[in-house]
Amino acid sequence: MAYPGFLKKIAMCTPVLSDVLVERDRLRGEISFAGEKLNMIQAAVTSSSVKLDLTYKKIEAMEAAVKSVERRGYCHCCRQETDFEILGDWLRDQYLCVNCSSIPRQRHIQYVMDKYFSGWGLGSIHESSPSNDFISRYCERYSSSQYFEGVKFGELVGGVRCENLEALTFNDDSFDLFITQDVFEHIFNPELAAKEIMRVLKPGGAHIFTAPKHKHVSLSYPRARLAGANIEYMVEPEYHGNPIGDGRALVTWDYGDDFESLIGRWSDSSTTTYLTRDRLLGLDGEYLEVFVIRKAAVG
Ligand SMILES: [Zn+2]
């Protein structure tokens, strides 16, 4: 090519141009070297991201394995190994047995019965306002009742006995165990109900129950009371779900720190509180306490 030769000729006569050409060649070399380096770095990045993907997948697999171990446990409601599923932050209602859909307080009451009232299935049990059949599954002498507005106490409504906890129609000393699950916060006169339950229990029997005991309340107080045929509200009315009627139950009492001593006094006995947190038994969440009041044995 004539052109480089021509440049060389000029370069030989022009030292400055010669320097420029040398510098140009040097820079070309550097660019080429940098390009090679870039290729190497890109290859390293690609290989690292492949490795990172693999690591993420490993971590995910390990987390899934840990989760599956955490979920596994024994359910006292359906009496089998099962998985427990957490559907939300409010464990009280959102921590379910995948087999029987039980919630923590239901599993806890049956755990307490299995652990401290061994053989309870052979006794006579009455449950007020049950919302599930977990206890009845394991007890032949199980009976239950609901409160129906305007129905004579002791009569049947569609095969279900109507009872008012404040004025039970059962004889004295009728049952080994009396169960109330989240019922006592819906009674206008829980003192009468506590006394009635003790009356119908056999000596040595027990009232086993759940009720929300609020952490921020020091003294229990009524939210509403009966004034003749009317309801008088001391605070804003609040309702919970109800398995019968219009599906809602008025909250009549907020219980606090004094709950055990209060209901113990009403029952003329003392209250034992059980609180068990064990994910292997699906036991965790809010308002998990199970309360037990025993009726004194004769002699
Ligand atoms: Zn279950």
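Author: What covers the buried residues of H5 includes strand E8 (175-181), strand E9 (201-210), strand E15 (253-254) and helix H6 (259-266). Contact here is C-beta atoms, placed from the backbone, within 7 Å; helices (H or I, at least four residues) and strands (E, at least two) are DSSP runs numbered from the N terminus. The model is predicted: local features need pLDDT of at least 70, side-chain atom pairs count only at pLDDT 80 or more, and totals for chains, interfaces and linings use all residues. Residues are numbered from 1 along each chain as its sequence is written.

Reader: Which residues of helix H5 are buried?

Author: A buried residue has 20 or more other C-beta atoms within 10 Å of its own, with C-beta atoms placed from the backbone. In H5 (residues 190-200), these are Pro190, Ala193, Ala194, Glu196, Ile197, Met198 and Val200.

Reader: At what angle does H5 run to E9?

Author: H5 lies across E8 and E9. Axes are lines fitted to C-alpha atoms, for helices over the stretch in contact, and angles run from 0 to 180 degrees between N-to-C directions. The angle to E9 is about 140°.

Reader: Why is one side of each of E6 and E16 left without a neighbour in the sheet?

Author: The open sheet has eight strands with mixed pairing, in the order E6-E7-E5-E4-E8-E9-E17-E16; strands pair if DSSP finds at least two bridges between them. Strand E6 (156-157) and strand E16 (271-274) stand at the edges, so each has a single partner strand.

Reader: In E7, which residue is the bridge partner of Ser145?

Author: Strand E5 (residues 141-146) pairs with strand E7 (residues 160-162) in the parallel sense, over two bridges. The partner of Ser145 is Arg161.

Definitions and conventions
Buried ≥ 20, exposed ≤ 12 C-beta atoms within 10 Å, placed from the backbone. Contact = placed C-beta atoms within 7 Å.
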